[in-house]
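Could you walk me through this structure, strand by strand and turn by turn?

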Amino acid sequence: MSDFVRVCSVSDVPPDSAIAVEVDDRELAIVHSDGNFYAIEDECSHAAIPLSEGDVEGAEIECYLHGSRFDLRTGRPLSLPATEPVPVYRCRVEGDDVLVDVSEPLDPEQSDIEELQES
Ligand code: FES
């Protein structure tokens, strides 16, 4: 069962950037890139570093500390030193609202763009 909640406005997240939000005691990075919005847990899987402070490029975000890049669609690491995925959540836009389904993270092995982008 989905459980979408409003996390921010579209205008809160400039293109090619991320912001940190807190939803149900979860720290999330809301990312805006190439017209798409993504929700990924705001903590690198290598160490407790907020991914929301990293660089955004396409469907990837780069941890600023050691440079691991993560696929925003699946949470999977694309480069070392991180080796574990970061949880990602369904995200969609309704009007000026960005909504995230925080009921459960997506399975990194089965995630695909259709599941994540329901806008
Ligand atoms: S803390 Fe993110 S790559 Fe090391």
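**Loops, strands and backbone turns**

Asp16 sits in the loop between strand S1 (4-9) and strand S2 (17-23). The model you are looking at is a predicted one, so please read every value here as computed from it. Asp16 has a positive phi of about 60° although it is not a glycine. For background, most residues other than glycine have a negative phi, and most peptide bonds are trans. Is Asp16 buried, partly exposed or exposed? It has 13 C-beta neighbours inside 10 Å, so Asp16 counts as partly exposed, because the exposed class ends at 12 or fewer.

Now move along to the loop between strand S3 (26-33) and S4, where you will find Asp34. Asp34 is also not a glycine, and its phi is positive, near 50°. Asp34 has 10 C-beta neighbours inside 10 Å and therefore counts as exposed.

Strand S4 (residues 36-41) runs antiparallel to strand S8 (residues 88-94), and two bridges join them. If you want a spot to look at, Ala39 has Tyr89 in S8 as its bridge partner. S8 also runs antiparallel to strand S9 (residues 97-101), and here five bridges join the two strands. Arg90 is bridged to Asp101 in S9. Two residues lie between the strands in the hairpin of S8 and S9, where Gly95 takes a positive phi near 65°.

Next comes an open sheet of three strands, ordered S5-S6-S7 and paired antiparallel. Which strands stand at its edges? They are strand S5 (55-57) and strand S7 (69-71); each has a single partner strand, so one side of each is left without a neighbour in the sheet. From one strand to the next, the twist averages 25°. S5 and strand S6 (residues 60-62) run antiparallel and are joined by three bridges. Within this pairing, Asp55 has Glu62 in S6 as its bridge partner.

One last stop is the loop between S7 and S8, which holds Pro81. What is the form of the peptide bond from Leu80 to Pro81? This bond is cis, with omega near 10°.

Key:
Residues are numbered from 1 along each chain as its sequence is written. This is a predicted model: local features need pLDDT of at least 70, side-chain atom pairs count only at pLDDT 80 or more; totals for chains, interfaces and linings use all residues. Two strands pair if DSSP finds at least two bridges between them. Helices (H or I, at least four residues) and strands (E, at least two) are DSSP runs, numbered from the N terminus. Axes are lines fitted to C-alpha atoms, for helices over the stretch in contact, and angles run from 0 to 180 degrees between N-to-C directions. A residue is buried if 20 or more other C-beta atoms lie within 10 Å of its own, exposed if 12 or fewer, and partly exposed in between; C-beta atoms are placed from the backbone.
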